[in-house]
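Hi,

Here is the structure I said I'd pass on. Have a look at it first, and then read my notes below.

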Amino acid sequence: MHTVSTLERARCGLRAHPLAADAALAAGVLACMAAGSFAAPQGHHGLTWSIRTPAVLSLVLMLAGAAALVFRRRAPRTVLAVTGTVSLVECVTGDPRAPVAMSAVIALFTVAATTDRSTTWRLGLLTMTVLTAAAMLAGPLPWYAQENLGVLAWTGIGATAGDAVRSRRAVVQAIRDRAERAERTREEEARRRVAEERLRIARDLHDVVAHHIALVNVQAGVAAHVMDKRPDQAKEALAHVREASRSALGELRATVGLLRQSGDPEAPTEPAPGLSRLEELADTFRSAGLPVSVARADQGTELPAAVDLAAYRIVQEALTNVRKHAGPEAGAEVSVVRVGPNVEVTVLDDGPGEPGGPEAGRASEDGGGHGLLGMRERVTALGGTLTTGPRYGGGFRVHAILPVKTTTAQGEPV
């Protein structure tokens, strides 16, 4: 284990200092070339070795080739040209020949590992052809000598090995790039989901608070107005205030509870409100003094939970706007109709529609509130459409078309 750690530290140190690593490689190549130039095989099968003395020119060429390898990463093609030249000179003049071509093999490996395949083919074939042809045609040995074929084989191995290393690096880098892109995609998807969840909770909080606070405000005003003259009616109004506040707290607790962890035992289990509670919703507004009539032609239609909740919230927000903006004499009509693959929710009121009046402010989606904007976001998220605007002759109209069957993010119906 200690030896492995030492080797890993040494490898990291060489990666941090590439020039030092190349100098160490050049020294190793020089040692191998020197060993090959001083030792010569003997016998028919080369099983015994003897000591020989290389020529001075061969020693100089080995030193030049090894020195050029120090800069193989900074200028790989230049180093290949230098090592190829000294190898060419040795192939023509060396007798006995020293393994100077080893430096050209290392340089060719570097070029193949750091460039593209077409460049490797061009430079590799050129190096193999020139060195092999020079050794066969101009060298002191016969053209069929084993050393001449060795030059061809080793230069080919250097080019092939370098190309394989380059291909492996490209594959590893492509895998890393895909992993990084996948990680970025996951992070972006997580941020998008968080933003959508925050927006959804914000819409729910707005709908709950706006609805119940509007009712509390109306009933509190009634109680204050009749406190002295009609205390019984004031008590009734205060009872409505208490009921509205209790409902607001319950819905706020359920909405905020969505932020709890899924394993939290205190997470709410009450289902989200839907059109099944439409009459109950209308009664809360009737008790606040807003006449509300409800007409439904969607019997037997089972809506997905998201559509059911959106329809309920749209009616809730629209009636809240009627109570806040349409005036004390206004009335509202709510209709829920199944039309083909959609369910249509409509809320009408007959409040005053004078230019510049409350209805004009209600028609603007950024005129001081987020009610209409929240409704539009809900409907758009489900693939439906929302139409809002003043009615001819006075009043306001909210019309939502919601698909009965929605789709998930993967396109599967739910």
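This is a predicted model: local features need pLDDT of at least 70, side-chain atom pairs count only at pLDDT 80 or more; totals for chains, interfaces and linings use all residues.

You'll find Ser-87 in helix α4, which covers residues 76–93. Leaving aside residues up to four places away in sequence, Ser-87 touches Val-100, Ala-101, Ser-103, Ala-104 and Leu-131.

Now for the whole protein. It has 414 residues, and 36% of them are buried. There are 12 helices and 7 strands. If you take the contacts with a separation of 6 or more, 65% of them are between residues 24 or more positions apart. The protein exposes about 23,800 Å², with carbon and sulfur atoms supplying 61% of that area.

Next, the nonpolar cores. The largest one has 35 residues, and Val-292, Val-315, Leu-319, Val-398 and Leu-402 have the most contacts inside it. At least two residues each come from α9 (278–287), α10 (305–325), β4 (332–339), β5 (342–349), α12 (371–381) and β7 (396–403). The largest share, 9 residues, is from α10.

Not counting residues up to four places away in sequence, Val-398 touches Ile-314, Ala-318, Val-345, Thr-346, Val-347, Met-375, Leu-386, Thr-387 and Thr-388. Another core, of 18 residues, lies apart from the largest one, and Ala-68, Leu-69, Leu-80 and Ala-107 are among its members.

Cheers

Technical notes. Residues are numbered from 1 along each chain as its sequence is written. Side-chain values use heavy atoms; hydrogens and water are left out. A nonpolar core is a set of buried Ala, Val, Leu, Ile, Met, Phe, Trp, Tyr and Cys residues joined through side-chain atoms within 4.5 Å. Buried means under 20% relative accessible area, exposed over 50%, partly exposed in between (1.4 Å probe, protein chains only). Helices (H or I, at least four residues) and strands (E, at least two) are DSSP runs, numbered from the N terminus. Contact means heavy atoms within 4.5 Å. Accessible areas come from the Shrake-Rupley method with a 1.4 Å probe; for residues, only the protein chains shown count as cover.
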